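I opened the notebook to record what I looked up in this fold. The entries follow the order in which I checked things.

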Amino acid sequence: MNYSVLMSVYHKEKPEFLRQSMESILAQTVATDDFVLVCDGPLTIELDNVIAFFQRRMGEILHVVRLEKNAGLGNALNEGIKYCKNEIVARMDTDDIAYPDRCEKQLAIFSNRHIDIVGAAIEEFSTSTSAIEARRIPPETHEEILAFAKRRNPFNHPCVMYRKSAVEAAGGYQEIFLLEDYFLWTRMLINGSNGYNIQEPLLWMRAGKSMYKRRGGWKYAKAQIELFKYMKDQGFIGQKEYLMSCLIRTTSACAPNWIREGMFKKVLRK
């Protein structure tokens, strides 16, 4: 089964992280025949040099899509998915590292079941993959995913494979601050898509204090309230669930970063 890889890069990202991420995809036990890399606005010379290196190495497999201006992750991925030639698409972020058998194990799920989104557990690290700080294991079955999605994001975005047609049928990525993926999964689930999460880690995700800082502030709290209001308006959650989620999310977003980091590591991770 052939699959595409979809990745987006912008000027603030580190060249060495991009190189490691792309190398991990090239090392997959089942190779891709279609790698779509979206350049979300002008890049640094160092990032362009990394891309040029992989263009020479990968040839026609690597398709580089360049946007004139920075459009944000969701918009960049929407543009990139248009260029993906396969129905099955593997998401990958430019600072994470995939396990060598990640794609092989996810493809096996698509081969044996009628599934639209396949995720997996991830391991978070800051400096080295040998020093794991936390592990996020999402719910496994479709029924568990549906229940979990009413409170929290049921998939690890950098480690999902999905059907291109199911994403497009749900309207693709839509703008909502730092929650484009959660919003997409919600609409896909409401639209009838089936999900599954492999319970073993298949990706090392780069974390660090900056990740927890991004999940704070009033702008992030407002985005979460907007998302849960959408769920309520669609009948996906009830009024009580909506109010409880808004209270918990607002409290977390407005807390000091060290408290939020502790909550993520001790309560929301394993």
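I began with Trp185 and listed its contacts, leaving out residues up to four places away in sequence. Trp185 touches Ile117, Asn153, Pro154, Phe155, His157, Val160 and Tyr162. I note here that the model is predicted.

Next I asked which residues touch the most other members of the largest nonpolar core. They are Leu6, Tyr162, Trp185 and Met188, in a core of 39 residues.

Strands β2 (34-40) and β3 (62-67) each give two or more. The helices that do so are α3 (73-81), α5 (142-149), α6 (164-169), α7 (180-190), α9 (218-233) and α10 (239-254). I also found a second, separate core of 36 residues. Phe54, Met58, Ala90 and Phe110 are among its members.

I placed Arg163 in strand β8, residues 161-163. Is Arg163 buried or exposed? Its relative accessible area is 19%. Arg163 is buried because the cut-off is under 20%. I listed its contacts beyond four places in sequence: Glu87, Ile88, Phe110, Arg113, Ile115 and Asp116. Two of the names on that list are acidic residues, Glu87 and Asp116.

I moved on to helix α10, where I found Tyr242. Tyr242 counts as buried, at 13% relative accessibility. Setting aside neighbours within four places, I read its contacts as Ile225, Phe228, Lys229, Lys232 and Ile237. I checked one of these pairs by C-alpha distance. Tyr242 and Ile225 are 17 residues apart along the chain, and their C-alpha atoms are separated by 8.4 Å.

Then I turned to loops. Ser126 sits in the loop between β6 (117-125) and β7 (132-136). Its relative accessible area is 27%, which makes Ser126 partly exposed. I looked up its C-alpha distance to Arg206 and got 5.6 Å.

Leu178 was my next stop, in the loop between α6 and α7. I noted the background: most residues other than glycine have a negative phi. Leu178 is partly exposed, with 36% relative accessible area.

I counted 11 helices and 9 strands. The radius of gyration is 18 Å, close to the 18 Å that the globule rule gives for 270 residues, so the chain is as compact as a globular protein of that length. Along the principal axes, the C-alpha atoms fill a box of roughly 55 × 40 × 35 Å.

I checked burial too: 52% of the 270 residues are buried. For contacts between residues at least 6 apart in sequence, I found that 80% join residues at least 24 apart. The accessible surface comes to about 12300 Å², and carbon and sulfur atoms account for 53% of it.

I found 37 positive and 33 negative side chains. The centres of the two sets lie 6 Å apart.

Conventions: Residues are numbered from 1 along each chain as its sequence is written. This is a predicted model: local features need pLDDT of at least 70, side-chain atom pairs count only at pLDDT 80 or more; totals for chains, interfaces and linings use all residues. Side-chain values use heavy atoms; hydrogens and water are left out. Helices (H or I, at least four residues) and strands (E, at least two) are DSSP runs, numbered from the N terminus. The radius of gyration is taken over C-alpha atoms; the globule rule is 2.2 Å times the number of residues to the power 0.38. Buried means under 20% relative accessible area, exposed over 50%, partly exposed in between (1.4 Å probe, protein chains only). Contact means heavy atoms within 4.5 Å. Accessible areas come from the Shrake-Rupley method with a 1.4 Å probe; for residues, only the protein chains shown count as cover. Lys and Arg count as positive and Asp and Glu as negative; His and the chain ends are not counted. The place of a charge is taken as NZ of Lys, CZ of Arg, CG of Asp or CD of Glu. A nonpolar core is a set of buried Ala, Val, Leu, Ile, Met, Phe, Trp, Tyr and Cys residues joined through side-chain atoms within 4.5 Å.
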